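Thanks for asking me to look this one over. Here are my notes, point by point, to read alongside the model.

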Amino acid sequence: MNKQYYAYLQSPQWQELKRQAMERSRRNANSNNIHGVCEKCGYEPWRPILQLHHKNGYKNIFHETLDELELICPQCYRKAHGK
């Protein structure tokens, strides 16, 4: 990825999307885990390791909606990227 994308990941816009995804993941899993819950496997981490994943690739990069993103654990992230 390029510098523009890494800067975007630190932006208030991206941080708000991540906050909303964490809230959605907790609500859907009926969990109070402050770090969220993996929206694929249900893993509840003890530290902040969940990542926002673009479900449909990067077609709306910089203009994503919450519906295009999912909060997932590192293992599910690797599976999503075929690793």
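1. A word on terms to begin with: helices (H or I, at least four residues) and strands (E, at least two) are DSSP runs, numbered from the N terminus. Glu 70, for instance, lies in strand β2. This is a predicted model, in which local features need pLDDT of at least 70 and side-chain atom pairs count only at pLDDT 80 or more, while totals for chains, interfaces and linings use all residues. Residues are numbered from 1 along each chain as its sequence is written, and side-chain values use heavy atoms, with hydrogens and water left out.

2. Let's stay with Glu 70 for a moment. Is Glu 70 buried or exposed? Its relative accessibility is 10%, so Glu 70 counts as buried; buried means under 20% relative accessible area, exposed over 50%, and partly exposed in between (1.4 Å probe, protein chains only). Leaving aside neighbours within four places in sequence, Glu 70 is in contact (heavy atoms within 4.5 Å) with Arg 24, Glu 39, Lys 40, Gln 51, Leu 52, His 53 and Lys 55.

3. One of those contacts is also a charged pair. The side chains of Glu 70 and Lys 40 meet in a salt bridge, at 3.7 Å from N to O; the term stands for a side-chain nitrogen of Lys or Arg within 4 Å of a carboxyl oxygen of Asp or Glu. Because Glu 70 lies in strand β2 and Lys 40 in the loop between α2 and β1, the pair ties together parts that are 30 residues apart in sequence. Lys 40 is partly exposed, with a relative accessible area of 49%.

4. Arg 19 forms one with Glu 23, where the closest N and O atoms are 2.9 Å apart. Glu 23 forms another with Arg 27, and there the closest N and O atoms are 3.8 Å apart. Arg 19 and Glu 23 both lie in α2, 4 residues apart, about one turn of the helix; Glu 23 and Arg 27 are likewise 4 residues apart in α2 and separated by about one helical turn. An α-helix has 3.6 residues a turn, so residues three or four places apart point the same way.

5. How accessible are these partners? Arg 19 is partly exposed at 41% relative accessibility, Glu 23 is partly exposed at 37%, and Arg 27 counts as exposed at 53%.

6. Helix α2 also passes a simple length check. Its 18 residues should span 26 Å at 1.5 Å a residue, and its end C-alpha atoms are 26 Å apart, which agrees; the expected span is 1.5 Å times one less than the number of residues. Just after α2, Asn 30 takes a positive phi of about 50°.

7. Which residues of α2 are buried? They are Trp 14, Leu 17, Ala 21, Met 22, Arg 24 and Ser 25. These residues cover an arc of only 165° around the axis, which puts them on the same side of α2; the arc is that of the directions from the helix axis to the C-beta atoms. What covers them includes α1, β1 and β2. The face of α2 turned away from its buried side carries the exposed residues Pro 12 and Arg 27.

8. Now the core. A nonpolar core is a set of buried Ala, Val, Leu, Ile, Met, Phe, Trp, Tyr and Cys residues joined through side-chain atoms within 4.5 Å. The largest one has 16 residues, and Trp 14, Leu 17, Cys 38, Leu 52 and Leu 71 touch the most other members. Helices α1 (3–9) and α2 (12–29) and strand β2 (69–72) each supply at least two residues of this core, with α2 giving the most, 4 residues. Not counting residues up to four places away in sequence, Cys 38 touches Tyr 43, Leu 50, Leu 71, Ile 72, Cys 73 and Cys 76.

9. Finally, the rings. The structure holds 5 aromatic pairs: rings of Phe, Tyr and Trp (its six-membered ring) pair if their centres lie within 6.5 Å, and planes under 30 degrees apart count as stacked, over 60 as edge-to-face and the rest as tilted. Tyr 8 and Phe 62 have ring centres 5.0 Å apart and planes at 75°, so this pair is edge-to-face. The pair links distant parts of the chain, with Tyr 8 in helix α1 and Phe 62 in the loop between β1 (51–54) and β2, 54 residues apart. Tyr 8 counts as buried at 7% relative accessibility, whereas Phe 62 is partly exposed at 23%. Ring pairs link Tyr 5, Tyr 6, Tyr 8, Trp 14, Tyr 58 and Phe 62 into a cluster.
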